[in-house]
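Try each task before reading the solution.

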Amino acid sequence: MSSPGVPLQLLLFTCVAFTVSGVQKLTVSPDRGTVLHISSGEVKGCTVCTGAGRSRQCAPSLAIPGGAPVSVEFECSRPQDVFSVEVVRNIECTTKSCNGHITQLSSDSLPLLAFHRKFTWNLKASSPKALKVDFGQPGMRQTHPSERCPDGHGYTLRAFQTTGNATVGKYCRAGPVGSAQVQNRGSFSLDVPAGQKLQNGRFDVSVGEEIKTLAKITLTLPAGTSSSLLLSPNYPDSFPDDDVMEWYFQVPEKQKTAVQFSNLTQPRCQKKETAMEYHGTGGGAMVRSLKEPQPSDLQGTFSMTLRNCEMDRRSAGSPGLSLSIQVSSSRARFTGSCKVDMRQMDGLSLHIEKVSRASDCQMKVNAVPKEKITIAAKSELTFKDCSPEDVHITAMRVIECRQLKDCLKTSYRLSVPALPSCLFAPLSSVTWTLRPPRHGTVELTSPAEPLRQALPGQPCNDSVLIRVAEDDGTAIGRFCPRGAVQKIQIHTNMSVTVSGVEGKTLRTPFTHVLNVIFKEEISERYIFTVSPKRDTPVLLATPGWPVGMKPYATVSWIVSVPPKMDARLMFANLSQPKCSNRHTNIRVQRLGRPEEEYSRREDEEAASELTVSGTFYLNMSNCMAERGDFSVITEVTLQKSKNVLITVLSVVAALLVLFVIVLVVVCVVIRKKKKKLSHQVSIYNPNGTVFLPGHNGFPRTREDNESHVYASIEDTLVYTDLLRKGTEMGVYGEFDAHRSFPGHADSQKPLVCGDADMDDMPVGAYQQFQAPPLPVRPLSHGQRLEDNALYRTDGEEERSRHLGPRLEPEGGN
């Protein structure tokens, strides 16, 4: 049992805060037995100070022991943007009791409310006993490391071992996790974002069992249907080497539990093997390899133990051990009634279908027996001898826009509803059918973070999978969160289906999955807006992959490339058909540039790799195939631009130096031989005077300044006879020796040798590039485009429908 001890009040600050001349001052008084750490990212010119006069000390970080008030000054106008606050307290347990509790006390007047705060309790127990943290009611639930808790309070449990520290898990309030035990030493911490008020709460710390594992987590599953997510320690990084982790499940009577693994990565083992052990209340044990199907009908209370092997981490391709565990529990058989009111479920209708006719399950709606039930309003359901496996529950809604002007300003939220608690089976999927007007487009965006395509090698790590398809069932793609796809635009009737990953039940409620708006029509069939991150490859697959695109269908990806970055494109899994009409085409063109970076059709050899600087669009179009399909996966990776400018300038400078040397040599040779010339040669003088040297020579008045030294000789004048003869023989074509580059006319003066004044030589005027002609794609109904600047066109061009010379791809709808 834990002794009453002294409650730990996380922050008992007697504080006064004010700002003078950009310096924010406050007085803090941490609770006795705690240490307040104030630290920054060491931003230049931003420090925290204590003391006054000669005893004044300033530093990027500060540790304040509890027990006495301390005056603190931040030499920043907004220190909350730079500094974070951590309050640390140690709790030690003997073999019988511990010297404190974990207590959260709110204080609305704290000036440190504006700072990101972290509260850490370092826990230590006397061997061989473990230390135990009891979460009480309403318990905890484990979360993905990147997930933010709804109340802003995120908890982390760590275990400290001689081999290193391990994160047992991250948790949010309200869930089945009732307590956690760790061996010897560990920590329990709470993160609260800036501006978030600290909630009142308390967790008991006591002496635990003698455990032989890294940690032991106890879960109490509720009566009825439930689903819990568990993650291996350090997820998504590797579970500790040659270690063991235990979960203990308290399950109500007459319920069965199923276990499923996902996102499994396994190490290369040197000794032992990875495995999961199951122990029931009867004392029997069952061992399963992690690659095997896990139990689906565990009865009553049981424990589950994950064992890692002694890993070979030196070998390439051995990522370690990590996995996600879905634990689902339900009543073995359900008999009873359930009242359902769909009028509060955002226009959704509920569909319940009996899976097997051979099942003993009997369903009634308003006392009428049914094999299939559809509920759009209020109904009373009755079930007899039914299990979750006997029925399939889905929800559906149709969202239609008849007139574009009436729905341009309307945004629809696609959210997964919470089913009534009396329903014994989980929700399998939710489907929204989206019907834009004749001249409209459906636009999908994620409210939280961009999407990514679920492709081989990149499975969804989340509990939700989004399937997008055309109205006739043609697949467009499968997507999940945490990607680079900012926006999806589709010019046809379509459907969005949200379900669990890899056949798992859908976690509910999963609020606000997507936003939907209707926009003006686009000339492509599909447009994806993509914003990759540096050094993170993004895979872009043609719609419906691995099945080929529809005949004449077009798709574009608008890919944003930040300044000083390049995009490296690799065309993988390229499948080309034999076309009977038109051609397939893959084109890459930078925005703001008239020239194409890349263009290939099916009868041309495609490049395997391409580098593009600046934002661009990748366009693909299909033909009418005689045989085969058109499908591509494009890998896009951002990388820092190579500084080719210095290299180019170096080469140009070297060439200029070489040219000047050659020119000087030529001038010297000409100077020595000029007196030997017996025939007249036209000589160019940069001052504008032309001399015809002969027996009379140059004017005597210029002998002293050596103006008779030839400044330069134009090759076209020196070799006029040779060029004329070459033209007559057909060796050279007609040409203009003074064909100038567009710009200032004087910029084309020839180079001179000698002491010519270069300061007065004008530089050719820079002529700016014009914007590129974008692909001309006729709109299906001639509507003006506004939303997509990429596809604004001034006219339409008639194109041939027969094979022949290269044809521009057309939009297909």
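**Exercise 1.** Which residues point one way from strand 51, which point the other way, and are they buried or exposed?

*Solution.* Keep in mind that you're looking at a predicted model.

Step 1: sort the side chains. On one side of strand 51 you'll find N585, R587 and Q589, while I586, V588 and R590 point the other way.

Step 2: check burial. Residues on both sides are buried. That makes six of the six residues of strand 51 (residues 585-590), so the strand is largely enclosed by the rest of the structure.

**Exercise 2.** Work out how strand 51 is joined to strand 52 and to strand 54.

*Solution.* Step 1: take strand 52 (residues 598-601). Strand 51 runs antiparallel to strand 52, with four bridges joining the two.

Step 1: now strand 54 (residues 616-621). Here six bridges do the joining, and strands 51 and 54 again run antiparallel. R590 is the residue to look for here, as it stands opposite F616.

**Exercise 3.** Apply a sulfur-to-sulfur cut-off of 2.5 Å and count the disulfides, then describe the C93 to C98, C361 to C386 and C579 to C623 links.

*Solution.* Step 1: count. The cut-off gives nine disulfides.

Step 1: start with C93 and C98. Their S to S distance is 1.8 Å, and an angle of 100° about the S-S bond makes the link right-handed. C93 has 5% relative accessibility, so it counts as buried; C98, at 2%, therefore counts as buried too.

Step 2: move to C361 and C386. The sulfur atoms of this disulfide are 1.9 Å apart, and the link is right-handed, with 85° about the S-S bond. It ties together distant parts of the chain: C361 lies in the loop between strand 31 (349-354) and strand 32 (362-365), and C386 belongs to strand 35 (residues 378-386), 25 residues apart. C361 and C386 are buried.

Step 3: finish with C579 and C623, joined at an S to S distance of 2.0 Å. This link is left-handed, with -80° about the S-S bond. Distant parts of the chain are linked here as well: C579 is in strand 50 (residues 578-581) and C623 in the loop between strand 54 and strand 55 (624-627), 44 residues apart. Both cysteines, C579 and C623, are buried.

**Exercise 4.** Sum up the protein chain as a whole: how many helices and strands does it have, and what share of its residues is buried?

*Solution.* Step 1: tally the elements. The protein chain has four helices and 56 strands.

Step 1: look at burial and surface. Of the 813 residues, 44% are buried. The accessible surface comes to about 42400 Å², and carbon and sulfur atoms own 50% of that.

Step 2: check the contacts. Among those with a separation of 6 or more, 79% come from residues 24 or more positions apart.

Notes: Residues numbered from 1 in each chain as written. Predicted model: local features only at pLDDT ≥ 70, side-chain atom pairs only at ≥ 80, totals over all residues. Heavy atoms only, no water. Buried < 20%, exposed > 50% of the residue type's maximum accessible area, 1.4 Å probe, protein only. Pairing = 2+ DSSP bridges. Contact = heavy atoms within 4.5 Å. Areas by Shrake-Rupley, 256 points an atom, 1.4 Å probe, with all protein chains shown as cover.
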